[in-house]
Amino acid sequence: MELSFKPFTLELKHAFTISSNSRTTTPVVLTKIEYEGVTGYGEASMPPYLGESHETALKFLSKVNLNQFNNPFELDEILTYVDSIDKKNTAAKASIDIALHDLIGKLLQKPLYEIWGFNKNKTPYTTFTIGIDTDEIVKQKVSEAGKYKILKIKLGSVNDKKLINTIREVTEKEIAVDANQGWKDKKFALDIIYWLKEKNVKMIEQPMPKDMKDEIAWLTEESPLPIFADEGIQRLNDLIEIKGVYSGINIKLMKCTGLREAHKMLTTANAIGMQTMVGCMTETSCAISAASHISPKVSWADLDGNLLIKNDPFVGIKIQHGKISLNDKPGIGLEDSNKFWKN
Ligand code: MG
């Protein structure tokens, strides 16, 4: 098996602002694994707050030696080796995991959801993210979100109520809120969650800083809306510590090293009575398509990362009338004519 990788920079349609920062680009590294004339594609997306960069991903990937493996179906063996190379680098690890799953699907001539036994018709609607911005831009973004049935609104600043009121001037659509750890006081958080429920908000993601576990557990107990962990969960073994703290978890391939672990997190969370959602970073259609394959089993999906960029080099899983629409292509479901790797 032959691994190749190249850096690429995603250009965002709008500056992306959350409670902690603002930016206009996202560094990614695209990967491919070739085996007996078949190619699997992968991606690492590295928003700066996660601590990875072009430099760290390229350094990590240059240490990976896949030539020592002759059988891509020994996926667990291969990915355990990749995970053992270094402690962090979860996005770089995901880029290999995704390419390997794509390769295996192509060798079997089956889409991943079918290999996993999931029903392609049970995909959820995806939320469409509206970042913190001026009233005028927020209204423009809401109008661009026409076909999406659920909006995801980034809160956690002093203007939260004003932002929701601005949106409610132009639409009555359901809203999922992501506070990105922005609320620091549990009683303040509970008050605003009651207010948000009246505004047809359906769920709350990461209301408070991840280290405030006791306060978040209290909030989850008292809250009229489900509370999901995002910054508060990275990988499978974090589930042990947050059971009872949140109602559910946001699974992201770039945090958890890819599809192998995402699938395990989904199964484990469901087994211990936690809800699940699948989320993303700003990513190309490569990583978004990969994540779409676990979506038939989650309660919420936030897979709009490819819709927020201007220079997507892939064509993959589409959104139809706001719903994730899995296709019948093998592997992760990309059109196999890729400009990026041909140049
Ligand atoms: Mg989030």
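Mentor: The model is predicted, so local features need pLDDT of at least 70 and side-chain atom pairs count only at pLDDT 80 or more, while totals for chains, interfaces and linings use all residues. Residues are numbered from 1 along each chain as its sequence is written, and side-chain values use heavy atoms, with hydrogens and water left out.

Trainee: What order do the strands of the open sheet have?

Mentor: Strands of a sheet pair through backbone hydrogen bonds, either parallel or antiparallel. Here eight strands follow the order E4-E5-E6-E7-E8-E9-E10-E11 with parallel pairing; strands (E, at least two residues) and helices (H or I, at least four) are DSSP runs numbered from the N terminus, and two strands pair if DSSP finds at least two bridges between them.

Trainee: Why is one side of E4 and of E11 left without a neighbour in the sheet?

Mentor: Strand E4 (127–130) and strand E11 (300–301) stand at the edges, each with a single partner strand. Four bridges join E4 to E5 (residues 150–154), and threonine 129 has lysine 152 as its bridge partner in E5.

Trainee: Which strands does helix H7 touch?

Mentor: With contact meaning heavy atoms within 4.5 Å, H7 (residues 186–198) touches E6 (174–178), E7 (201–205) and E8 (227–229) as it packs on the sheet.

Trainee: Which residues of H7 are buried?

Mentor: Buried means under 20% relative accessible area with a 1.4 Å probe, protein chains only; in H7 this holds for Ala189, Leu190, Ile192, Ile193 and Leu196. The buried residues of H7 pack against helix H6 (160–170), E6, E7, helix H8 (213–222) and E8.

How values were computed
Axes fitted to C-alpha atoms, helices over the stretch in contact; angles between N-to-C directions. Buried < 20%, exposed > 50% of the residue type's maximum accessible area, 1.4 Å probe, protein only.
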